[in-house]
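Please open the model in the viewer and keep the selection panel at hand.

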Amino acid sequence: MSESHAVPARGRVGVMLPRDLPVGDVLPYARRAEELGFHQVWVVEDLGWRGGVAQAATVLASTTKLTVGIGIMPAGARNVGFAAVELATLAQLHPGRLIAGIGHGMPGWMRQAGRTLARQPPDADQGVRESAAPAPRR
C-alpha cells in the first residue's frame, strides 16, 4: 500500500456526486474532480436514484487517484454477506481507495424498500448522552 493511502483521509478534500446528476455525467464529473485535485468523490445510494456500489465501482475503474466513498449503504436493506463480498472485492481491486459508509437508512426509504426497523434510531442528542454515560461496572 502506498504511503498516501496508509493514512486516514482527514485533511483531504472531497466532493459529493449529486444523486440527481444525469447518468451520462457521472464519469465526466468524477474525472473532472480528479483533474481539479480533489482527493475524494462520494457517491449516494438512494432508492429511486442509483446504487452506491455500482457507482463506486465505475468511478474507481475510471480514475487513478480518487478515493471513492459510498454514503451510505443501508444495512437493513442488504444481505450482510453479499455486501461484504462486494466491498471486499472493490477494496482488493482498488487498494486504499474505497470508504464504505454503512448506516440504518432513512425510515421512509426503508419502508419503501419493504423493510422496517425493529426500533427507530435514537436522535443525535440521545446518542451523545448515551455515549457519554459511564460504562456499567461488572
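A nonpolar core is a set of buried Ala, Val, Leu, Ile, Met, Phe, Trp, Tyr and Cys residues joined through side-chain atoms within 4.5 Å, where buried means under 20% relative accessible area. The model shown here is predicted.

Begin with the largest nonpolar core, which has 20 residues. Select Leu17, Ala56, Val59, Ile70 and Leu98, the residues with the most contacts inside this core. Two or more core residues come from each of α2, β2, α3, β3 and α4. The largest share, four residues, is that of α3.

Next, select helix α3, residues 52-62. Which of its residues are buried? They are Gly52, Val53, Gln55, Ala56, Val59 and Leu60. These residues lie on the same side of α3, because they cover an arc of only 160 degrees around the axis.

Return to the buried residues of α3 and display what they pack against: α2 (26-35), β2 (40-44), β3, α4 (80-93) and β4 (98-103).

Finally, turn to the largest pocket, with a volume of about 160 Å³. Select its lining: Glu45, Asp46, Gly71, Ile72, Pro74, Gly105, Met106 and Trp109. Strand β3 (residues 67-74) contributes the largest share of this lining, three residues. Coloured by class, the lining of the pocket shows four nonpolar, two polar and two charged residues.

Note on methods:
Residues are numbered from 1 along each chain as its sequence is written. This is a predicted model: local features need pLDDT of at least 70, side-chain atom pairs count only at pLDDT 80 or more; totals for chains, interfaces and linings use all residues. Side-chain values use heavy atoms; hydrogens and water are left out. On a 1 Å grid over the protein atoms alone, a cavity is a set of points where a 1.4 Å probe fits but cannot get out, and a pocket is an open set with protein on both sides within 12 Å along at least five of seven lines; lining residues have an atom within 4 Å of a point. Grid points are joined across faces, edges and corners, and a volume is the space filled by probe spheres set on the points. Ala, Val, Leu, Ile, Met, Phe, Trp, Tyr, Cys and Pro count as nonpolar, Asp, Glu, Lys and Arg as charged, and the others, Gly among them, as polar. Buried means under 20% relative accessible area, exposed over 50%, partly exposed in between (1.4 Å probe, protein chains only). The arc is that of the directions from the helix axis to the C-beta atoms. Contact means heavy atoms within 4.5 Å.
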